Amino acid sequence: MAPKILTTLFKRKRKENDPYFRPKCGSPNAIGISDSTCEVNGDPFNGWKLPIPPPEQRALKLGARQCNRQQASRFFQLPIEVRTLIYIELMGNRSVHIEHAWMLPSPFRPKPKREGERWDWWHGVCQRSGRFVDDRCWDRRDERYANRFEGLKSAPAGTKLGGVEWLRCCQIGYEEALTVLYGTNVFVLRIGLDTPFIMSRLLSPACSALITSMDISFDFWYKLDQRPEAAAWATVYPALFDLFEHYFCNVHSLRLTMHMPAWEKVGGTINDGKIDEILAPLERLAQSRNWTRLKLCVPIDWLPCLTGRAKKQNRWELAMTEWYEHKTFVD
Ligand SMILES: [Zn+2]
């Protein structure tokens, strides 16, 4: 959950009557980070407030809801080991782009009652598994384009997890598939610093605690003379690491691709104190658990000032990404 300090920050000027309004996605001012930008049981068509579930719904305990034990089902007569293999085949062991964002409706669902953008979930199985995550391979806009101009009636094969709709109507299946769904996939988040904060506000803690692997890519960027952005970054950057320390606490493989602030534009180099400050939240996170992988990927111009620090320790790795060219530098 976002620290309370964020509540008082990022006050935005409201433009409620602006028909062209869209919440910012590439800025730490984004909706969903501070408490003031969220509304319990809010309107999904209000772009100014992220609708979030009430605390009691998020705290839902598994097994607390009545469910049909499915005793007549052939599927549930299979041993749990076999069912688990089926769950993995359907919905596990993949890299999955996931976002909850302000977007147009899916073209593949029955015609929505209301047109226009709304807060909505989208997911897509990564078509470049193992590659770098700078750009999405497929998203809601691609789905709408393909539907409109290529006549596509459903998502292309392999771009969605299987069985997700079934999980909505079978509680026993949902409960036993959760560890596969959340525990075996790599969740790939991008666009803005807000994305992991939004996930932490929507997912039940029971589910987020099952997530083991994430790839996160931020393209937020600013220059030092952009004071409000610099102040926002200074607050949101450590809060992001806090989120992993206290909320996504079972993640043991994390790749953070960050477009670091343009400090090098001022004064040529960054002093040691500033580097300590930048790396402190990462170091704290690195020491908080045993990592199978903790990787920080930065643009090439940040490598010289971080390489020395990366070599002095073995808790986290450093890698390079060339943001604008979307080149791939893989493990
Ligand atoms: Zn992808």
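**Exercise 1.** How many residues does the largest nonpolar core have, and which of them have the most contacts inside it?

*Solution.* 
Step 1. The model is a predicted one. Its largest nonpolar core has 59 residues.
Step 2. The residues with the most contacts inside this core are Ile-211, Met-214, Phe-244, Phe-248, Leu-254, Leu-256 and Met-258.
Step 3. Helix α8 (residues 227–246) gives the largest share of the core, eight residues.
Step 4. Take Ile-211 as an example. Apart from neighbours within four places in sequence, Ile-211 is in contact with Tyr-182, Phe-187, Met-199, Leu-203, Phe-248, Asn-250 and Val-251.
Step 5. There is also a second, separate core of eight residues, and Ile-31, Cys-38, Trp-119 and Ile-198 are among them.

**Exercise 2.** Describe the aromatic pairs that Phe-76 forms with Phe-75 and with Trp-166.

*Solution.* 
Step 1. A search of the whole structure finds eleven aromatic pairs. In one of them, Phe-75 and Phe-76 lie 5.0 Å apart, centre to centre, with 85 degrees between the planes. Planes over 60 degrees apart count as edge-to-face, and the pair of Phe-75 and Phe-76 is edge-to-face.
Step 2. Phe-76 and Trp-166 are 6.1 Å apart, centre to centre, and their planes are at 20 degrees, which makes this pair stacked.
Step 3. Phe-76 lies in the loop between α1 (55–58) and α2 (80–91), while Trp-166 belongs to helix α4 (residues 164–169), so their pair ties together parts 90 residues apart in sequence.
Step 4. Compare accessibility. Phe-76 has a relative accessible area of 13% and is buried. Phe-75, at 21% relative accessibility, counts as partly exposed, and Trp-166, at 31%, is partly exposed.
Step 5. Phe-75, Phe-76 and Trp-166 form one aromatic cluster together with Tyr-87.

**Exercise 3.** Over the face of which residue does Arg-114 lie?

*Solution.* 
Arg-114 lies over the face of Phe-45, at 3.9 Å from the ring centre.

Key:
Residues numbered from 1 in each chain as written. Predicted model: local features only at pLDDT ≥ 70, side-chain atom pairs only at ≥ 80, totals over all residues. Heavy atoms only, no water. Phe/Tyr/Trp six-rings, centres within 6.5 Å; stacked < 30°, edge-to-face > 60°. Buried < 20%, exposed > 50% of the residue type's maximum accessible area, 1.4 Å probe, protein only. Helix = DSSP H or I, 4+ residues; strand = E, 2+ residues; numbered from the N terminus. Lys NZ or Arg CZ within 6 Å of the ring centre and 35° of its normal. Core = buried A, V, L, I, M, F, W, Y, C linked by side-chain atoms within 4.5 Å. Contact = heavy atoms within 4.5 Å.
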